[in-house]
Amino acid sequence: MLLALILVPIATAILFGAGGFYAGLTYRRKTAEAAIGSAEQEAKRIMEDAIKAAEAKKKEAVLEGKDELHRLRNESEKELNDRRKEIQRQERRIQQKEETLDKKLEGLERKEGAIAEKEKQAENVLEQAEQVKKSQFEVLERISGFTTEQAKEFLLKNLEEELEHDKAVKIMEVEQRTRDDAESMAREIIGTAIQRCAADHAAEATISVVQLPSDEMKGRIIGREGRNIRAIETITGVDLIIDDTPEAITISSFEPVRREIARIALEKLIADGRIHPTRIEEMIEKARREVETTIRQEGERAVIEAGVNGVHPELVKLLGRLRYRTSYGQNVLNHSLEVAFLSGIMASELGIDPTVARRAGLLHDIGKALDHEMEGSHVDIGVAEARKYKESEAVIHAIQAHHGDVEAKTVAACIVQAADAISAARPGARRENLENYIKRLEKLEEVASSFEGVERCFAIQAGREVRIMVRPEIVNDDKMILLARDICRKIESDLEYPGQIKVTIMRESRAIEYAK
């Protein structure tokens, strides 16, 4: 009973639960079906709306395309019309030009016809003129008795004779006028150059004298058994002359740079007071460095003063060495600077570029810096050094020609030659006694005049050249060469002279007539 009471409510609850579940399931099914139906209707409506909108856009796009096509067609037609009109204008212009050309061609043809007609008339006139000319020549030939060729030859001969005389007279006038003008101009240019280059001059000594504080210092310089003086002479290559002159020692050497090194070293030793072989070597080395510095500075100073640029450093050193070289008592570096200044001034006066002239004037005696160390004249050495350090051919030629060893072929070479002679010939520039100088020139002329066939001789260029005039009936061209060689040998054996002497022999035959 109790079990029945329990099971009944449970069964009732189960039944009610199953009925409620079924009713809910049925309700949800109906609700879902209704929702699906409404969704299908909505989807159908949306699709219909989309189709309508697409149809509308399609129609709108078609209309826009038609409008654009119509616009493009209108533009194309307009452009084609414009081009058609332009082509028509060009065709009309071309047609007008063709018509103009046709007219011009017709005019040219008419002119050509007129010209051809005139040419025919001119030919007829020329034929008539030739006939008249021929008849006139025939009449002239009968009257004169000469043919045309004979008359032409006669006239040309007379004309040549008259022109020959006039030409000779004119040449003589021009030569004389040129000679007078050249001499006057040369005097003016040289005078101006000398006036503008008023250089100081003082004779240079060829020996050096060192003053001593006392005679006791002589003994210290000589040293025990003469070891100090032997060390000085051996290292420097000079001779020390210690005589009875009080408080003085004379330094003698053929090489001025060595002499200067010895002088500076000796003065340093005297000032220091410690005189022995080791100290002598130190002081001589210091003096050598000082002299090398001075040489370089003097070379640079000379280059700057002369206004010359781009000189090789080795040539600058050689220029500095000229500071210690003398020629007849004239300092060679000062002489070179003076020649450079004179050359530049004369070149400017002549209206040419003074740069090459100044450079050649500064370097013309560069060989004298080495002529004790190398064989050959200072001219040959200078040419070799200038060529070695890439100087220009104009400068090299001026160096080679400044003593007349070769013929001067440039204006710069002639200027340097003149400037060198001016600098060396100035009164007081060189120490040579005037009397000795004249005697040397007279002796040179006397030696040259002692040979048979010599008519006259002249020593020129300060005795560097002798020019000899010979009698042409005695000395012929072949004998001139032998005579020049014999005179050179006699000069070498009988005379003492610096450098070299050029012997020039001239043989001349003249025929002189006077028109009265």
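Okay, salt bridges to start with. This is a predicted model, and searching the whole structure turns up 21 salt bridges. Let me walk you through a few of them.

Take R45 and D49. Their side chains meet in a salt bridge, at 3.0 Å from N to O. Why can those two reach each other? They're 4 residues apart in helix α1, which covers residues 2-144, so about one helical turn separates them.

Now jump along to helix α6, residues 277-306. Here the residue to look at is E285. Its side chain meets that of R288 in a salt bridge of 3.3 Å, N to O. E285 also forms a salt bridge with R289, where the closest N and O atoms are 3.9 Å apart. The spacing story comes back here: E285 and R288 are 3 residues apart in α6, so about one helical turn lies between them. For E285 and R289 the gap is 4 residues, again about one helical turn. As for accessibility, E285 is partly exposed at 35%, R288 is partly exposed at 25%, and R289 is partly exposed at 44%.

There's a network as well: salt bridges link D272, R274, R279 and E282. The general idea behind all of this is that side chains of opposite charge can pair when their charged atoms come close.

Where is it? K368 sits in the loop between α9, residues 354-363, and α10, residues 378-388. Buried or exposed? With a relative accessibility of 10%, K368 counts as buried, since the cut-off for that is under 20%. So what is around it? If you ignore the neighbours within four places in sequence, K368 is in contact with L322, R325, S327, V332 and H378.

I6, L7, I10 and I14 make up a nonpolar patch on the surface, and together they have about 370 Å² of accessible area. I10, one of those four, is in helix α1. I10 is partly exposed, at 42% relative accessibility.

Next up is α4, residues 227-236. Which of its residues are buried? Those would be N228, I229, A231, I232 and T236. Look down the axis of α4 and the buried residues fall within an arc of 160°, so they line one face of the helix. What do they pack against? The buried residues of α4 pack against α3 (216-222), β2 (239-241), α5 (256-272) and α6.

Just after α4 there's G237, with a positive phi of about 75°. If you have the structure open, find S253 while you're there. S253 is in the loop between β3, residues 248-252, and α5. At 12% relative accessibility, S253 counts as buried. S253 and G237 are 16 residues apart along the chain, and their C-alpha atoms are separated by 7.6 Å.

Last topic: the cores. How many residues does the largest nonpolar core have? It has 39, and those with the most contacts inside it are L315, L319, L322, L362, L363 and I366.

Leaving out its neighbours within four places in sequence, L363 is in contact with L315, L319, E391, V395 and I399.

As background, nonpolar side chains tend to be buried together in soluble globular proteins.

That's my tour, so over to you for questions.

Note on methods
Residues are numbered from 1 along each chain as its sequence is written. This is a predicted model: local features need pLDDT of at least 70, side-chain atom pairs count only at pLDDT 80 or more; totals for chains, interfaces and linings use all residues. Side-chain values use heavy atoms; hydrogens and water are left out. A salt bridge is a side-chain nitrogen of Lys or Arg within 4 Å of a carboxyl oxygen of Asp or Glu. Helices (H or I, at least four residues) and strands (E, at least two) are DSSP runs, numbered from the N terminus. Buried means under 20% relative accessible area, exposed over 50%, partly exposed in between (1.4 Å probe, protein chains only). Contact means heavy atoms within 4.5 Å. Patches are made of residues with over 30% relative accessible area and no salt bridge: like charges are joined within 9 Å, nonpolar side chains (Val, Leu, Ile, Met, Phe, Trp, Tyr) within 5 Å. Accessible areas come from the Shrake-Rupley method with a 1.4 Å probe; for residues, only the protein chains shown count as cover. The arc is that of the directions from the helix axis to the C-beta atoms. A nonpolar core is a set of buried Ala, Val, Leu, Ile, Met, Phe, Trp, Tyr and Cys residues joined through side-chain atoms within 4.5 Å.
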